[in-house]
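User: I am new to reading protein models. Could we go through this one together?

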Amino acid sequence: MTAVIFDMDGVLLDSELLYREENQRLFRELGAEVSEAEYDPFIGISTPLMWQGLIAAWNLPYRVEELVQREHDRKHAVLQTRELTASRGLPELLDRLRAAGRRLAVASGSPRRNIALVLDRLGVAQRFDVVVSSEEVAHGKPAPDVFLEAARRLGVSPAECVVIEDAANGIRAARAAGMPCVGYQNPTSGRQDLSAAHLIVDSLQSGLLLRFLGLEAEN
């Protein structure tokens, strides 16, 4: 393993609850009452796919592109104004991976400007060699495109990468890309089936995770 690819939302920071609250407000404004159970499968999926499903289910009189842009703008405003805190142990994990010579990437379904804002506000932007948004590939998660593009830009084969994901859709994308995957259990990511991951952890400080990444767990 020579590279580690991180999902952003729900892995680098606990943003899924913020997004859930903002999306639910938007859904209600549009006249759609989406339950928590109905919302959970949308986590980790590409934004256009989510809106395609909601437009069909609720007969919404909008174009997919219009609702995607509206959602992205609202999330950008939230990320600018709310306090953002990196997941516990993230900076230390990134530093240890870099010290061990690993290449690091972010591969996210969020728009590029939101990724840049989050990485800057968390103070970790310089730790990543590559950043890829699903805006830059043909298909978002659960398709493998964003992970394959990250590997291409890193200059490594998919089999040399490990993906860290908090959502079932992201894990499906990683497996489709032929990449070993760690399922990161984040309580605010909803009821996610992470069973397809090669390893499931609930902390970025987990000794099991460190060993999986080829690092020695600290005593």
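**Helix pair, pocket and a buried helix**

Analyst: H4 and H6 are roughly parallel to each other. This is a predicted model, where local features need pLDDT of at least 70, side-chain atom pairs count only at pLDDT 80 or more, and totals for chains, interfaces and linings use all residues. Residues are numbered from 1 along each chain as its sequence is written, and side-chain values use heavy atoms, with hydrogens and water left out.

User: Why are H4 and H6 called roughly parallel?

Analyst: The axes of helix H4 (residues 64–81) and helix H6 (residues 112–122) cross at roughly 10° and come within 10 Å. Angles under 35 degrees count as roughly parallel, so the pair is roughly parallel.

User: Which residues of H4 and H6 make the contact?

Analyst: Contact means heavy atoms within 4.5 Å. On H4, the residues include Gln69, His72 and Asp73. On H6, Arg113, Asn114 and Leu117 are among them.

User: Which residues of helix H8 are buried?

Analyst: Buried means under 20% relative accessible area (1.4 Å probe, protein chains only). In H8 (residues 168–176), Ala168, Asn169, Gly170, Ile171, Ala173 and Ala174 are buried. Their cover includes helix H7 (145–154), strand S4 (161–165) and strand S5 (181–184).

User: What follows H8?

Analyst: Glycine 178 does, and its phi is positive, near 80°.

User: How much space lies in the largest pocket?

Analyst: About 200 Å³. Of its 13 lining residues, Ser46, Thr47, Pro48, Ser134 and Gly140 are the closest to the centre. H3 gives the most to the lining, with three residues.

How values were computed. Axes are lines fitted to C-alpha atoms, for helices over the stretch in contact, and angles run from 0 to 180 degrees between N-to-C directions. Helices (H or I, at least four residues) and strands (E, at least two) are DSSP runs, numbered from the N terminus. Angles under 35 degrees count as roughly parallel, over 145 as roughly antiparallel, 65 to 115 as roughly perpendicular and the rest as oblique. On a 1 Å grid over the protein atoms alone, a cavity is a set of points where a 1.4 Å probe fits but cannot get out, and a pocket is an open set with protein on both sides within 12 Å along at least five of seven lines; lining residues have an atom within 4 Å of a point. Grid points are joined across faces, edges and corners, and a volume is the space filled by probe spheres set on the points. Buried means under 20% relative accessible area, exposed over 50%, partly exposed in between (1.4 Å probe, protein chains only).
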